[in-house]
Amino acid sequence: MTATLVVFCFGWLAMKSFWEFGYRNEYSGTRGLPYYLSANWGDPLILPAIGFLITYEIQQSLTAWTALKRKVTLAGGLLGIAVGAASQFQWTHSGKTILNWTFNPDGSFNPPGWYHAVYLTAMCGFLLGGLAALTALGLGRSRSQWERGSVLRYLAIGYLFVLFSCLLATDNRRGLQEVTWTEASATAQTLLIPLIMTVLVTLIGVALGCDKRLLIMYVSVLAITSATVPTALLLRGMTPVSNAEVAYCGTAALFALSFVTAPASSRLLEQLLRSLPGAVIVWVSTLAVSGMTIEWTVPRIVMAVLVITAVVGSVALLPCAYDVERMTQRLLATASSVLLLVMLFCFALLPRFISNVSWWVGAYGAFVALVAGRWIVWNFEGVTSKEEEVSFTWYSGASGNAGVDGSEVALRNERVIRYKVLLGFAAQATVVLLLLVVAYLAMPAEDSSKAIPRVIACCILVMIMTQGSYFFSRLSFRSNVYVLRGIDMTVGNRTRAFVGGFTAAVFSGSYGVVLAVWSSTKVTLLHWAVFSALYVVLLGCLCRMMLIGVDGWDVQRWPCLSSPLRSLAQDHVVSLALMNILGIGILIWISDRLSTPSDVAVAGLFITLPLAAVYTFFVANNMHHIDRETGRIHEQISGRSASEVWRGEQYLVDLRNHCIAQNKISALIVVSAMLPFFARYVVGSRGGLDDAKGLAELFRLYGHEELYEAIHLKLKL
C-alpha cells in the first residue's frame with residue numbers, strides 16, 4: 001500500500017497540482033494535462049495498481065529472495081533508469097518533439113517538465129526492476145510451488161502493463177476531430193507500443209514455463225486489447241465526453257464486468273479480474289462509437305455491430321474456455337449477454353444521429369420487451385445450478401481454503417457468483433430503463449409537472465411505494481432476524497421490526513417525493529442517479545443500524561443459509577431498491593413529460609414488460625428456493641436428534657411462509673403501480689387465463705396450493 005500511495009502522490013497528484021495551481025491559465029495550447037490519457041488514467045489508476053501488485057508479490061516471496069535475485073533486480077532497475085533518462089534527453093534534443101505544457105517555447109523543460117522527467121526516470125527504474133524481480137522469482141519456482149493468488153497477480157500485472165502502453169500510444173496522436181478509418185490505417189504505428197509490450201509479456205510467460213493453453217488464451221486477450229483500445233481512442237478523438245455518455249458507457253462496462261468468466265469455485269476478485277478486459281473494451285468501444293460524427297448508415301451500423309460483437313465476445317469467452325465447464329446454458333448466457341450489450345448501446349447511439357426519434361422509441365421498446373427480460377433468466381439459471389468440481393491444474397494451485405469445510409466453501413463461492421450476476425442485472429436493467437429515459441429527454445416535451453392528473457398519479461405512486469416498503473421491510477426484519485433463526489417475537493423484537501419497516505417506508509416515501517418534485521424537466525439524469533444512489537445507501541445503513549444489539553447479527557447459524565445482515569441487505573439493497581427505483585421511481589421522475597395518453601401507454605408498456613419478465617422469474621425462484629432448502633434440510637436432519645429434526649422442519653415452515661408473503665407483497669406493489677400492463681404480462685407469462693396449467697402455477701406462487709392441487713387433479717381426470 002505504501003508503494004501505491006507513493007506512486008499516486010508523486011505522480012498524478014503532483015502533476016495535477018502543477019497544472020491546476022500554475023499552468024492551467026497560462027498555457028494556451030491544446031496539449032495540456034487533460035489531453036494525455038496516460039497521465040489522467042494511467043498515472044492515478046494503472047501505475048499505482050502495478051506498484052501495489054509488484055511490491056505485494058515480492059513481500060510474499062521474501063523467503064525465496066537470494067543475492068543473485070537482488071543483483072538481477074538491481075540490474076533491471078539501473079537499465080530502466082538509463083532508458084528513462086535517455087528518453088528525456090531525446091525529448092529535449094530532438095527537433096521532432098511535439099511541445100506540450102511541460103516545455104518552454106524554446107523546447108527546454110519548464111519546472112513541471114523537469115519534475116516529470118525525474119519522476120518518469122525513477123518510474124522506469126522501478127517498473128523494469130520490478131519486472132526483473134518477478135521474472136527472477138518465477139524462474140526459481142516449480143509448477144507445484146505456484147499458488148493461485150500469485151498466478152493471478154502475475155497475469156494482472158502483465159495485463160496492466162499492456163493497458164498502460166495502449167494509453168501511452170495515443171499520446172500526441174489524438175486530433176481535435178476523430179480519426180477516420182482511412183487515417184487510422186495510416187497511423188498503424190500507434191499499435192506498435194502495445195504490441196511490443198504484449199510480446200515482452202509473452203516472452204516472460206514462456207520463460208516462466210506457463211501452461212501453453214493458458215498462455216495462448218492470455219496472449220490472445222492481450223493482443224485483442226492492444227489492437228482495440230488504441231484504435232477506439234483514436235476514433236474517439238478529443239470529442240468532449242457528456243454526462244449521458246458517462247452514464248450509459250460506464251453502466252455498459254459494469255454490465256460486462258459481471259459476465260461469467262470464471263468457475264463458481266473461484267473467488268470474487270478472480271472473477272472480476274477475468275472479466276476486466278471485456279469491460280475495458282466495452283468502455284472504450286462505446287465511447288468511440290458515440291463520439292464519432294460520421295453519418296451512421298445501415299451498412300456502417302451492421303459493420304459496427306459485427307465487429308464489436310466479435311471483439312467483446314472473444315474477450316468474454318476466452319477466459320471461460322480455460323477452466324469453466326462447457327455447458328451449453330453457460331455459453332448461451334455469455335453469448336446472449338454480449339449480443340444484448342452490443343445491441344443496447346447501438347440502440348442508445350441511434351438517436352444521437354437521427355433527427356426524428358419517434359420510430360426509434362417504438363423499435364427500442366419492442367426490442368427490450370422481446371430480449372432484455374430473458375437475459376437475467378438465462379444467466380441466473382446458468383450459475384444457480386450446482387457446479388461440479390473443476391480440475392484447475394497449474395492455474396489454480398492452492399485454493400487457500402484449508403481447514404474450512406468444503407461444502408461451506410462451495411456454497412459461499414456459489415453465492416458470490418450469484419451476487420456478481422445480480423450486479424450485472426442491476427446494470428443491465430439500469431441501461432434498459434435509462435436509455436428509454438434518454439430517448440424521452442431527447443424529445444421536445446411540455447412541462448406537465450403541475451398538471452392535476454400528474455399530481456394525483458404521483459401521490460398514488462408515492463403512497464404505494466411507501467406502504468409497500470413498510471410491509472416488505474417489516475417482513476424482512478421479522479423473518480431474517482428472528483423467525484427463521486427460531487427466536488420468539490417478543491414485544492421488543494416486534495418493536496424493532498416495526499421501527500425498521502417504518503424507517504424504510506420513510507426513506508422510500510421521501511425518495512418518491514424528491515423524484516416527483518425534482519422531475520426530469522427540472523434536473524438532469526445525473527441528479528436522478530445521485531438521488532437513487534443516496535436512497536440505496538440509506539437502505540444499506542438502515543440494515544446495519546437496526547441490528548445493533550442483536551446477538552449474532554453477522555453470523556450464519558444452522559439451519560439458515562446466511563447471516564441476518566446479509567439477508568437484510570439482499571432484501572433491501574437489491575430487491576426493494578430495484579423495485580422502487582426501476583419499477584416505480586423512474587415512472588414518477590419522467591411523468592412530467594407524459595402529457596398525452598399515448599405517452600403514458602408507451603412509457604408504461606416499455607418499462608413494465610422487461611421488469612415483469614424478470615419479476616416473474618424471481619417469484620418462481622422463491623418457490624424453487626423452498627424446494628432446494630427442503631432437500632438440503634431433510635438430508636442434514638436424517639439420523640439427527642428429535643430436537644434437531646423439529647428445528648429443521650419448523651425452519652422450512654417459516655421459510656415457506658416468508659417466501660409466499662414476500663411474493664404477495666411485491667406483487668401488490670408492482671401490480672398496483674403498473675396494473676394494466678403488468679397484470680396482463682404476469683398472468684400471460686405463467687400460461688394465461690386460457691391455460692389451466694398456467695393458472696394453477698399462478699395460484700401456487702402466491703400460496704394457494706389447495707387450488708393448485710385441485711386444478712391439477714381435474715386436469716388428470
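The structure is a predicted model, in which local features require pLDDT of at least 70 and side-chain atom pairs pLDDT 80 or more, whereas totals for chains, interfaces and linings use all residues. Residues are numbered from 1 along each chain as its sequence is written, and side-chain values use heavy atoms, with hydrogens and water left out.

Cavities were defined on a 1 Å grid over the protein atoms alone, as sets of points where a 1.4 Å probe fits but cannot get out. The largest cavity is lined by 20 residues, of which Tyr154, Leu155, Ile204, Gly205 and Leu208 are the closest to its centre; lining residues have an atom within 4 Å of a point. Helices α4 (111-139), α5 (148-169), α7 (192-207) and α8 (212-236) each supply at least two lining residues, and α5 gives the most, with 6. Helices are DSSP runs (H or I, at least four residues) numbered from the N terminus. The lining comprises 17 nonpolar, 3 polar and no charged residues; Ala, Val, Leu, Ile, Met, Phe, Trp, Tyr, Cys and Pro count as nonpolar, Asp, Glu, Lys and Arg as charged, and the others, Gly among them, as polar.

Serine 476 lies in helix α16 (residues 452-482). Serine 476 counts as buried because its relative accessibility is 1%, the limit being under 20% relative accessible area with a 1.4 Å probe, protein chains only. Beyond its neighbours within four places in sequence, serine 476 is in contact (heavy atoms within 4.5 Å) with Val481, Leu568, Asp571, His572 and His658.

Notes. Buried means under 20% relative accessible area, exposed over 50%, partly exposed in between (1.4 Å probe, protein chains only). On a 1 Å grid over the protein atoms alone, a cavity is a set of points where a 1.4 Å probe fits but cannot get out, and a pocket is an open set with protein on both sides within 12 Å along at least five of seven lines; lining residues have an atom within 4 Å of a point.
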